[in-house]
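Trainee: Please take a close look with me at the aromatic rings, and at what surrounds them.

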Amino acid sequence: MMHEFIVEQLKTRLDKYLAEQLPAISRSQIQRDIEGGMVEVNGAIIVESKFVVRLNDKVVYKVESEKLKVESLKPTNTPLKILYNNHGLLTIDKPAGLTVHPGAGFKGETLASALLYQFKNIHLVGEEYRPGIVHRLDKDTSGVILVATTQEMYEHLKEAFTDRLVKKEYIALVFGKMKKFHGFIETPMGKSKTDFRKQTTKNPVEGKTAITEYKVLERLSNGVDEYTLILVRLHTGRTHQIRVHMASIGHPLMGDSLYGSKKTELKGLNRQFLHAKKIEVQLPNKTWIEAESELAKDLKEVLVSLNSKVVKNL
């Protein structure tokens, strides 16, 4: 659905203006959609919520369907594998296929709805639609994710991510034989101007610093094509960062239907080969805790089929 407006005010913030025009959609959701490149002013994509619109500006808000109201986020008895629960902090081993929080038109089970069921006061923590959730994993990415069960921890985690006091490691299988055993990708990235679903390193809407470190664990082959199993450390936390950065250097993730191609298809792999292996975070008392997730079964089976020697250690 597309909403179009002609501004009749002298000047006002973009997010405030849209919230006034569309009271059924929360302002925080509108801000996320602006950042996601779903709003245009006079034909240009705007990604800053504080952008000022003026009299006679044309505003276009592209919405797939009306956003969920707060009351529609209902608790669901969805099993969760909790790795750590202390000091107002949870680390959860998220399975592939579980969406972290609801978006446009999505009303199924999510990590957010499961949290509402298991933790009775978590609805008081953080933002609507995503109680206690301070970062996310793509639906088809498995592995560890942090959640706050108190507002104090929520604010602490937000600062920790901003100050880069959260360390994250991923396991990924990419197409091709990577020549360097260790390296950094430091190409700015942002929203694509041509596909709202995608992030890009090529002329993005608003490029932001993005730093990805990788280390080769193993080189593999199915007798026809070559692949590389890598350990990835994120030094920034941009949307789709690993997927975009690896594709940008010619090594897209296997199974990635959005950033890959026919060559990234692999028998037995029904999602992008990406697993959040480990996460470390500094607590308010300055101590560090870490949680680690065993590589998901479906990804292990893919590595076994490629005669991996290191799969048993993952």
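Mentor: Phe175 counts as buried, since its relative accessibility is 15%, where buried means under 20% relative accessible area, exposed over 50% and partly exposed in between, with a 1.4 Å probe and protein chains only. Tyr227, at a relative accessible area of 1%, is buried too. Please keep in mind that this is a predicted model, in which local features need pLDDT of at least 70 and side-chain atom pairs count only at pLDDT 80 or more, while totals for chains, interfaces and linings use all residues. Residues are numbered from 1 along each chain as its sequence is written, and side-chain values use heavy atoms, leaving out hydrogens and water.

Searching the whole structure gives two aromatic pairs, a term for rings of Phe, Tyr and Trp (its six-membered ring) whose centres lie within 6.5 Å, with planes under 30 degrees apart counted as stacked, over 60 as edge-to-face and the rest as tilted. Phe5 and Tyr17 form an edge-to-face pair, 6.1 Å centre to centre and with 90 degrees between the planes. Because Phe5 belongs to strand S1 and Tyr17 to helix H1, this pair ties together parts twelve residues apart in sequence; helices (H or I, at least four residues) and strands (E, at least two) are DSSP runs, numbered from the N terminus. Phe5 is buried at 15% relative accessibility, and Tyr17 is buried at 2%.

The rings of Phe175 and Tyr227 have centres 6.2 Å apart and planes at 75 degrees, so this pair is edge-to-face. Phe175 lies in strand S12 and Tyr227 in strand S17, so the pair links parts 52 residues apart in sequence.
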